[in-house]
Amino acid sequence: MKKIVLTGGGTAGHVTPNIALLPHLKEAGFEVFYMGSYDGIEKRLIADFDIPYTGISTGKFRRYLDPKNFTDPFRVLKGYSEAKKYLKELKPDVIFSKGGFVSVPVVRAAAALKIPCIIHESDMTPGLANKLCIPVAAKVCCNFPETLRNLPSSKAVLTGSPIREELASGNRLEGLKLCGFSANKPIVMVIGGSQGATSVNEVVRKALPALLEDFQVVHLCGKEKIDNTLLALEGYKQFEYLKAELKDVFAMADVVISRAGANAICELLALAKPNILIPLPATKSRGDQLLNANSFASQGFSIVLDEDELSENLLVEKVQELYCSRQTYIEAMRQSRQLNAIDTILELIEEVSV
(Lines give C-alpha, C1' and ligand atoms only; values in the text may rest on other atoms or scores of the structure.)
Protein backbone atom coordinates (compact mmCIF):
# COMPACT_ATOMS: atom_id res chain seq x y z
CA MET A 1 0.00 0.00 0.00
CA LYS A 2 1.35 3.42 -0.98
CA LYS A 3 1.60 6.15 1.63
CA ILE A 4 0.63 9.78 1.15
CA VAL A 5 1.04 12.68 3.56
CA LEU A 6 -1.44 15.54 3.24
CA THR A 7 -0.54 18.93 4.63
CA GLY A 8 -2.07 22.39 4.76
CA GLY A 9 -3.65 24.57 7.38
CA GLY A 10 -4.20 27.92 9.01
CA THR A 11 -7.71 28.37 7.59
CA ALA A 12 -10.48 25.96 6.62
CA GLY A 13 -9.78 26.69 2.96
CA HIS A 14 -6.36 25.04 3.34
CA VAL A 15 -7.92 21.89 4.79
CA THR A 16 -11.30 21.12 3.22
CA PRO A 17 -9.85 20.30 -0.24
CA ASN A 18 -7.64 17.71 1.45
CA ILE A 19 -10.72 16.31 3.17
CA ALA A 20 -12.43 16.10 -0.22
CA LEU A 21 -9.59 13.88 -1.47
CA LEU A 22 -9.65 11.46 1.48
CA PRO A 23 -12.23 8.88 0.31
CA HIS A 24 -10.77 8.83 -3.20
CA LEU A 25 -7.23 8.32 -1.95
CA LYS A 26 -8.33 5.43 0.24
CA GLU A 27 -10.28 3.92 -2.64
CA ALA A 28 -7.14 4.19 -4.79
CA GLY A 29 -5.21 2.18 -2.21
CA PHE A 30 -3.29 4.92 -0.40
CA GLU A 31 -2.58 4.88 3.32
CA VAL A 32 -3.23 8.50 4.32
CA PHE A 33 -1.44 10.59 6.96
CA TYR A 34 -1.82 14.27 7.85
CA MET A 35 0.78 16.77 9.01
CA GLY A 36 -0.25 20.15 10.36
CA SER A 37 0.43 22.53 13.22
CA TYR A 38 0.22 21.55 16.86
CA ASP A 39 -3.23 23.03 17.47
CA GLY A 40 -4.45 24.82 14.32
CA ILE A 41 -7.86 24.53 12.70
CA GLU A 42 -6.55 21.65 10.58
CA LYS A 43 -6.15 19.48 13.68
CA ARG A 44 -9.78 20.04 14.67
CA LEU A 45 -11.11 19.41 11.17
CA ILE A 46 -9.07 16.25 10.59
CA ALA A 47 -10.13 14.84 13.99
CA ASP A 48 -13.43 13.78 12.39
CA PHE A 49 -11.58 11.33 10.12
CA ASP A 50 -9.77 8.15 10.99
CA ILE A 51 -6.28 9.11 9.83
CA PRO A 52 -3.07 9.66 11.84
CA TYR A 53 -2.28 13.30 12.55
CA THR A 54 1.16 14.69 13.38
CA GLY A 55 1.70 18.24 14.61
CA ILE A 56 4.83 20.28 14.00
CA SER A 57 6.08 23.72 14.98
CA THR A 58 5.20 26.46 12.53
CA GLY A 59 5.55 30.20 12.10
CA LYS A 60 4.06 32.81 9.80
CA PHE A 61 5.96 34.59 7.04
CA ARG A 62 4.99 38.26 7.20
CA ARG A 63 5.62 41.14 4.83
CA TYR A 64 5.04 43.68 7.61
CA LEU A 65 6.80 44.58 10.85
CA ASP A 66 5.83 42.41 13.79
CA PRO A 67 7.80 41.29 16.87
CA LYS A 68 7.05 37.68 15.93
CA ASN A 69 9.15 38.13 12.80
CA PHE A 70 12.17 37.66 15.05
CA THR A 71 10.97 34.41 16.65
CA ASP A 72 8.90 32.68 13.95
CA PRO A 73 11.89 31.74 11.76
CA PHE A 74 13.14 29.60 14.63
CA ARG A 75 9.71 27.93 14.86
CA VAL A 76 9.85 27.20 11.13
CA LEU A 77 13.32 25.68 11.46
CA LYS A 78 12.08 23.54 14.32
CA GLY A 79 9.11 22.46 12.20
CA TYR A 80 11.43 21.58 9.33
CA SER A 81 13.50 19.38 11.65
CA GLU A 82 10.39 17.70 13.07
CA ALA A 83 8.90 17.12 9.61
CA LYS A 84 12.14 15.70 8.24
CA LYS A 85 12.50 13.28 11.14
CA TYR A 86 8.89 12.10 10.79
CA LEU A 87 9.04 11.71 7.01
CA LYS A 88 12.34 9.86 7.21
CA GLU A 89 10.71 7.29 9.50
CA LEU A 90 7.39 7.08 7.61
CA LYS A 91 8.87 6.97 4.10
CA PRO A 92 5.77 8.20 2.23
CA ASP A 93 5.57 7.87 -1.54
CA VAL A 94 4.19 11.36 -2.14
CA ILE A 95 3.18 14.61 -0.39
CA PHE A 96 0.10 16.64 -1.33
CA SER A 97 0.11 20.19 0.03
CA LYS A 98 -2.87 22.54 0.09
CA GLY A 99 -0.76 25.44 1.30
CA GLY A 100 -0.68 27.67 4.32
CA PHE A 101 2.43 28.35 6.37
CA VAL A 102 2.49 24.92 8.01
CA SER A 103 3.09 23.36 4.61
CA VAL A 104 6.46 25.04 4.01
CA PRO A 105 8.58 22.99 6.44
CA VAL A 106 6.77 19.81 5.34
CA VAL A 107 7.33 20.33 1.62
CA ARG A 108 10.92 21.51 2.00
CA ALA A 109 11.74 18.58 4.29
CA ALA A 110 10.17 16.14 1.82
CA ALA A 111 12.20 17.63 -1.01
CA ALA A 112 15.39 17.17 0.99
CA LEU A 113 14.47 13.49 1.32
CA LYS A 114 13.66 13.19 -2.43
CA ILE A 115 9.95 12.59 -1.75
CA PRO A 116 7.87 14.00 -4.64
CA CYS A 117 5.48 16.82 -3.74
CA ILE A 118 2.36 18.11 -5.44
CA ILE A 119 1.14 21.49 -4.26
CA HIS A 120 -2.14 23.26 -4.88
CA GLU A 121 -2.45 27.03 -5.25
CA SER A 122 -5.99 28.19 -4.61
CA ASP A 123 -5.68 31.85 -5.46
CA MET A 124 -5.02 33.70 -8.68
CA THR A 125 -1.42 34.48 -7.72
CA PRO A 126 0.72 32.24 -5.50
CA GLY A 127 0.91 33.18 -1.85
CA LEU A 128 4.24 33.47 -0.06
CA ALA A 129 4.05 29.96 1.42
CA ASN A 130 3.54 28.35 -1.97
CA LYS A 131 6.19 30.57 -3.56
CA LEU A 132 8.66 28.97 -1.17
CA CYS A 133 7.46 25.51 -2.17
CA ILE A 134 7.08 25.82 -5.96
CA PRO A 135 10.82 25.42 -6.73
CA VAL A 136 10.89 21.92 -5.18
CA ALA A 137 7.42 20.73 -6.27
CA ALA A 138 6.90 18.10 -8.95
CA LYS A 139 3.55 19.60 -9.99
CA VAL A 140 1.62 22.76 -9.11
CA CYS A 141 -2.17 22.61 -9.37
CA CYS A 142 -4.24 25.78 -9.69
CA ASN A 143 -7.83 27.00 -9.82
CA PHE A 144 -7.77 29.79 -12.38
CA PRO A 145 -6.71 29.90 -16.04
CA GLU A 146 -4.95 33.20 -15.35
CA THR A 147 -2.69 31.55 -12.74
CA LEU A 148 -0.92 29.38 -15.33
CA ARG A 149 1.16 32.32 -16.54
CA ASN A 150 2.53 32.81 -13.00
CA LEU A 151 3.76 29.22 -12.69
CA PRO A 152 6.55 27.17 -14.33
CA SER A 153 5.00 25.75 -17.50
CA SER A 154 6.55 22.31 -16.91
CA LYS A 155 4.82 22.02 -13.52
CA ALA A 156 1.54 23.92 -13.86
CA VAL A 157 -1.77 22.06 -14.20
CA LEU A 158 -5.23 23.70 -14.24
CA THR A 159 -7.28 21.41 -12.00
CA GLY A 160 -9.79 23.50 -10.09
CA SER A 161 -10.23 22.78 -6.39
CA PRO A 162 -11.23 19.44 -4.83
CA ILE A 163 -14.78 19.79 -3.53
CA ARG A 164 -16.36 17.53 -0.95
CA GLU A 165 -18.81 15.32 -2.85
CA GLU A 166 -21.30 15.33 0.01
CA LEU A 167 -21.96 19.04 -0.63
CA ALA A 168 -23.77 18.01 -3.80
CA SER A 169 -25.95 15.48 -1.98
CA GLY A 170 -27.97 17.92 0.11
CA ASN A 171 -31.70 17.69 0.69
CA ARG A 172 -33.62 20.93 0.21
CA LEU A 173 -36.47 19.84 2.44
CA GLU A 174 -34.04 19.05 5.27
CA GLY A 175 -32.55 22.54 4.87
CA LEU A 176 -36.00 24.12 5.06
CA LYS A 177 -36.77 22.09 8.17
CA LEU A 178 -33.46 23.04 9.83
CA CYS A 179 -34.10 26.75 9.28
CA GLY A 180 -37.87 26.74 9.74
CA PHE A 181 -38.32 28.30 6.30
CA SER A 182 -41.21 28.21 3.85
CA ALA A 183 -40.83 26.43 0.50
CA ASN A 184 -42.76 29.24 -1.20
CA LYS A 185 -40.28 32.10 -0.75
CA PRO A 186 -36.75 32.23 -2.26
CA ILE A 187 -33.72 31.91 -0.01
CA VAL A 188 -30.50 33.90 0.24
CA MET A 189 -27.53 32.17 1.87
CA VAL A 190 -24.80 34.37 3.38
CA ILE A 191 -21.33 32.91 4.05
CA GLY A 192 -18.61 34.94 5.74
CA GLY A 193 -15.89 32.27 5.79
CA SER A 194 -14.66 30.13 8.69
CA GLN A 195 -13.75 33.24 10.72
CA GLY A 196 -16.86 35.19 9.78
CA ALA A 197 -16.81 38.60 8.08
CA THR A 198 -17.83 41.42 10.39
CA SER A 199 -18.36 44.05 7.67
CA VAL A 200 -20.47 41.67 5.56
CA ASN A 201 -22.46 40.61 8.61
CA GLU A 202 -23.22 44.24 9.44
CA VAL A 203 -24.47 45.25 6.00
CA VAL A 204 -26.56 42.09 5.64
CA ARG A 205 -28.26 42.77 8.97
CA LYS A 206 -28.94 46.40 8.02
CA ALA A 207 -30.48 45.16 4.77
CA LEU A 208 -32.77 42.61 6.45
CA PRO A 209 -35.94 44.78 6.56
CA ALA A 210 -35.83 45.12 2.76
CA LEU A 211 -34.46 41.64 2.00
CA LEU A 212 -37.09 39.85 4.08
CA GLU A 213 -39.89 41.40 2.03
CA ASP A 214 -38.97 39.10 -0.89
CA PHE A 215 -36.53 36.54 0.52
CA GLN A 216 -35.68 34.37 3.48
CA VAL A 217 -32.07 34.64 4.72
CA VAL A 218 -29.83 31.98 6.25
CA HIS A 219 -26.65 33.52 7.62
CA LEU A 220 -23.42 31.64 8.45
CA CYS A 221 -21.89 34.49 10.43
CA GLY A 222 -18.81 32.99 12.12
CA LYS A 223 -17.78 32.00 15.61
CA GLU A 224 -19.30 34.19 18.35
CA LYS A 225 -20.87 36.52 15.75
CA ILE A 226 -24.56 35.65 16.21
CA ASP A 227 -26.76 38.70 16.91
CA ASN A 228 -28.99 37.67 19.81
CA THR A 229 -31.34 40.58 19.20
CA LEU A 230 -32.38 39.01 15.87
CA LEU A 231 -33.00 35.45 17.03
CA ALA A 232 -36.79 35.81 16.86
CA LEU A 233 -36.87 37.56 13.48
CA GLU A 234 -39.08 35.56 11.12
CA GLY A 235 -37.42 34.46 7.89
CA TYR A 236 -33.88 35.01 9.24
CA LYS A 237 -31.78 32.14 10.63
CA GLN A 238 -28.23 32.45 11.98
CA PHE A 239 -25.54 29.83 12.51
CA GLU A 240 -21.94 30.29 13.62
CA TYR A 241 -21.01 27.54 11.15
CA LEU A 242 -22.41 24.27 9.83
CA LYS A 243 -20.82 20.88 9.29
CA ALA A 244 -23.02 17.94 8.27
CA GLU A 245 -26.03 20.21 7.66
CA LEU A 246 -24.14 22.49 5.26
CA LYS A 247 -25.06 20.39 2.22
CA ASP A 248 -28.78 20.73 2.99
CA VAL A 249 -28.55 24.51 3.37
CA PHE A 250 -26.69 24.75 0.05
CA ALA A 251 -29.40 22.64 -1.58
CA MET A 252 -32.03 25.00 -0.18
CA ALA A 253 -30.34 28.26 -1.23
CA ASP A 254 -31.39 30.02 -4.43
CA VAL A 255 -28.58 32.60 -4.37
CA VAL A 256 -25.49 33.07 -2.21
CA ILE A 257 -23.60 36.07 -0.80
CA SER A 258 -20.00 35.17 0.01
CA ARG A 259 -16.47 36.34 0.55
CA ALA A 260 -14.18 35.39 -2.34
CA GLY A 261 -11.82 32.89 -0.75
CA ALA A 262 -10.75 30.45 -3.45
CA ASN A 263 -12.14 27.32 -1.83
CA ALA A 264 -15.48 28.96 -1.05
CA ILE A 265 -16.03 30.21 -4.59
CA CYS A 266 -14.97 26.88 -6.09
CA GLU A 267 -17.68 25.23 -4.00
CA LEU A 268 -20.19 27.72 -5.41
CA LEU A 269 -18.96 26.88 -8.91
CA ALA A 270 -19.23 23.13 -8.36
CA LEU A 271 -22.77 23.53 -7.02
CA ALA A 272 -23.70 26.08 -9.74
CA LYS A 273 -25.02 28.54 -7.16
CA PRO A 274 -25.63 32.09 -8.46
CA ASN A 275 -23.61 34.34 -6.22
CA ILE A 276 -22.59 37.81 -5.12
CA LEU A 277 -18.95 38.02 -4.06
CA ILE A 278 -17.72 40.64 -1.59
CA PRO A 279 -13.95 40.14 -1.63
CA LEU A 280 -11.72 41.09 1.25
CA PRO A 281 -10.28 44.46 0.20
CA ALA A 282 -6.59 44.93 -0.58
CA THR A 283 -6.21 47.06 2.57
CA LYS A 284 -6.96 43.95 4.66
CA SER A 285 -5.17 41.31 2.56
CA ARG A 286 -2.66 40.79 -0.22
CA GLY A 287 -5.51 41.30 -2.71
CA ASP A 288 -6.00 37.66 -3.70
CA GLN A 289 -9.77 37.69 -3.09
CA LEU A 290 -10.16 40.66 -5.43
CA LEU A 291 -8.37 38.76 -8.18
CA ASN A 292 -10.37 35.60 -7.51
CA ALA A 293 -13.66 37.50 -7.65
CA ASN A 294 -12.77 39.38 -10.82
CA SER A 295 -11.86 36.12 -12.56
CA PHE A 296 -15.25 34.64 -11.67
CA ALA A 297 -17.02 37.80 -12.80
CA SER A 298 -15.18 37.78 -16.14
CA GLN A 299 -16.25 34.16 -16.69
CA GLY A 300 -19.89 35.05 -16.02
CA PHE A 301 -20.10 33.16 -12.71
CA SER A 302 -20.56 36.03 -10.23
CA ILE A 303 -21.58 39.58 -9.41
CA VAL A 304 -18.79 41.38 -7.51
CA LEU A 305 -19.34 44.18 -4.99
CA ASP A 306 -16.62 46.41 -3.53
CA GLU A 307 -16.73 46.29 0.26
CA ASP A 308 -15.64 49.93 0.52
CA GLU A 309 -18.67 51.04 -1.51
CA LEU A 310 -21.14 48.56 -0.05
CA SER A 311 -24.47 49.71 1.37
CA GLU A 312 -27.65 47.92 2.35
CA ASN A 313 -29.53 49.49 -0.58
CA LEU A 314 -26.92 48.35 -3.11
CA LEU A 315 -26.87 44.84 -1.63
CA VAL A 316 -30.65 44.50 -1.87
CA GLU A 317 -30.63 45.80 -5.45
CA LYS A 318 -27.94 43.30 -6.51
CA VAL A 319 -29.61 40.36 -4.75
CA GLN A 320 -32.82 41.09 -6.65
CA GLU A 321 -30.88 41.46 -9.91
CA LEU A 322 -29.02 38.18 -9.33
CA TYR A 323 -32.18 36.27 -8.47
CA CYS A 324 -34.01 37.50 -11.57
CA SER A 325 -31.13 36.49 -13.88
CA ARG A 326 -29.97 33.43 -11.89
CA GLN A 327 -30.38 30.99 -14.78
CA THR A 328 -27.79 32.86 -16.86
CA TYR A 329 -25.20 32.39 -14.10
CA ILE A 330 -26.11 28.73 -13.61
CA GLU A 331 -25.62 27.99 -17.30
CA ALA A 332 -22.23 29.75 -17.37
CA MET A 333 -20.98 27.77 -14.37
CA ARG A 334 -22.10 24.46 -15.85
CA GLN A 335 -19.86 25.15 -18.86
CA SER A 336 -16.72 25.54 -16.71
CA ARG A 337 -13.58 23.47 -17.37
CA GLN A 338 -12.67 23.46 -13.65
CA LEU A 339 -15.11 20.82 -12.43
CA ASN A 340 -13.06 17.58 -12.45
CA ALA A 341 -10.43 18.52 -9.89
CA ILE A 342 -10.42 15.29 -7.89
CA ASP A 343 -9.90 13.02 -10.90
CA THR A 344 -7.15 15.24 -12.31
CA ILE A 345 -5.30 15.52 -8.99
CA LEU A 346 -5.53 11.77 -8.36
CA GLU A 347 -3.96 11.13 -11.76
CA LEU A 348 -1.08 13.46 -10.87
CA ILE A 349 -0.60 11.77 -7.48
CA GLU A 350 -0.48 8.35 -9.13
CA GLU A 351 1.94 9.66 -11.76
CA VAL A 352 4.53 11.13 -9.39
CA SER A 353 4.33 8.35 -6.79
CA VAL A 354 5.33 5.57 -9.22
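Student: What makes strand 6 and strand 7 (residues 156-158) a pair?

Tutor: They run parallel and are joined by 3 bridges; two strands pair if DSSP finds at least two bridges between them. Valine 140 has alanine 156 in strand 7 as its bridge partner. Strands here are DSSP runs of E with at least two residues, helices are runs of H or I with at least four, and both are numbered from the N terminus. The model is predicted, so local features need pLDDT of at least 70 and side-chain atom pairs pLDDT 80 or more, while totals for chains, interfaces and linings use all residues. Residues are numbered from 1 along each chain as its sequence is written, and side-chain values use heavy atoms, without hydrogens and water.

Student: How do you know that strand 5 (residues 117-121) pairs with strand 6?

Tutor: The two share 4 bridges in the parallel sense. Isoleucine 118 stands opposite lysine 139 in strand 6.

Student: Which way do the residues of strand 6 (residues 139-142) point?

Tutor: Lys139 and Cys141 point one way, Val140 and Cys142 the other, and all are buried, that is, under 20% relative accessible area with a 1.4 Å probe, protein chains only.

Student: Why is arginine 108 called partly exposed?

Tutor: Because its relative accessible area is 35%, and partly exposed lies between the buried limit and exposed, which is over 50%. Arginine 108 is in helix 4 (residues 103-112).

Student: What does arginine 108 touch?

Tutor: Leaving out residues up to four places away in sequence, arginine 108 touches Tyr80, Leu132 and Val136, contact being heavy atoms within 4.5 Å.
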